Amino acid sequence: YNETSEEILELLMNSDIDKEKAVVFLTNYDKKDLGINLSKYILYKKGDFILEKNLIDIGIENASDVIIVGEKLPNLSERDIDARTALAGMLIRSLNPTVRLYIEVLLDEDAEIFKKRVGAREVLIHGQIVGKIMFSSLFNPGATNLIETLLDIESGIKKVKIKDLGSFKTFGDVIKDVRKYGHLPIAIERNKKVILNPDDSFEVYENDSVFLITKGSFS
């Protein structure tokens, strides 16, 4: 538990995802010490997430996605906290080899370790994105509002497989098709790399994904 997981839990509840999917929250913190009131749909368990017994108790082998944040505990350095996070990630991976792992690290030099050794799908460096957003806002007033809008789970950015949209040869073809429905393609993802605003002539493949700024509902 930390400010990152608190924000994630609030978003899960505000978007009603907790009502649609099983959500389990495992933490060393007492429930009374949390800065958030959990909904009745979120299963809370107090326990250390680096212990195999606790992970098995919450059914980690059935999880599709797991988020691990840098939980701060007394007398632990940032390096110690990242080491605990790494241990939890490796243990979860051994219990559930196909799980999608999303990990927060406190030290930026640990990011590559988590990607290569733990196989995390995404690695977030604590405070880095917030710092970049604030810095950008100094030179581009309103950037924060724009980013918050883009991150909105209902009307913001959606990632879709090209093959689910249709058959296209170029990024320009994708633009022409989806603009008819009010959506705007802004980037292509290929082999986990994001290509922002490619040329219209950029060749796309069916296994690529496209990031869209959506207008209204998207299906």
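## Exercises on a predicted model

In this predicted model, Val23 stands opposite Ile42 in S2.

**Exercise 1. Find how S1 and S2 run relative to each other, parallel or antiparallel, and how many bridges join them.**

*Solution.* 
- Step 1: Place the strands. S1 covers 23-27 and S2 covers 42-46, and Val23 faces Ile42 of S2.
- Step 2: Look at the pairing. The two strands run parallel, and five bridges join them.
- Step 3: Because four of its five residues are buried, S1 is largely enclosed by the rest of the structure.

**Exercise 2. Describe helix H1: its span, its ends and its buried residues.**

*Solution.* 
- Step 1: Take the span. H1 runs over residues 3-14, twelve residues in total, and reaches 16 Å from its first C-alpha to its last. That is close to the 16 Å expected at 1.5 Å a residue.
- Step 2: Go just past the helix. Asp16 takes a positive phi of about 65 degrees.
- Step 3: List the buried residues of H1, namely Thr4, Ser5, Leu9, Leu12 and Met13. They cover an arc of only 165 degrees around the axis, so they sit on the same side of H1. In general, an α-helix has 3.6 residues a turn, so residues three or four places apart point the same way.
- Step 4: Ask what covers these residues. The cover includes helix H2 (17-20) along with strands S1 (23-27), S2 (42-46) and S4 (100-105).

**Exercise 3. Decide whether Asn54 is buried or exposed, and name its contacts.**

*Solution.* 
- Step 1: Locate the residue. Asn54 belongs to helix H3, residues 52-57.
- Step 2: Apply the cut-off. Buried means under 20% relative accessible area; Asn54 has 11% relative accessibility, so Asn54 counts as buried.
- Step 3: Set aside neighbours within four places in sequence. Asn54 is then in contact with Leu26, Lys45, Gly47 and Asp48.

**Exercise 4. Now step back and summarise the whole protein chain.**

*Solution.* 
- Step 1: Count the elements. The chain has nine helices and nine strands.
- Step 2: Turn to burial and surface. Of 219 residues, 37% count as buried. The accessible surface comes to about 13800 Å², with 53% belonging to carbon and sulfur atoms.
- Step 3: Examine the contacts. Among those between residues at least 6 apart in sequence, 55% join residues at least 24 apart.

Conventions: Residues numbered from 1 in each chain as written. Predicted model: local features only at pLDDT ≥ 70, side-chain atom pairs only at ≥ 80, totals over all residues. Heavy atoms only, no water. Expected span 1.5 Å × (residues − 1). Buried < 20%, exposed > 50% of the residue type's maximum accessible area, 1.4 Å probe, protein only. Arc of directions from axis to C-beta. Contact = heavy atoms within 4.5 Å. Areas by Shrake-Rupley, 256 points an atom, 1.4 Å probe, with all protein chains shown as cover. Pairing = 2+ DSSP bridges.
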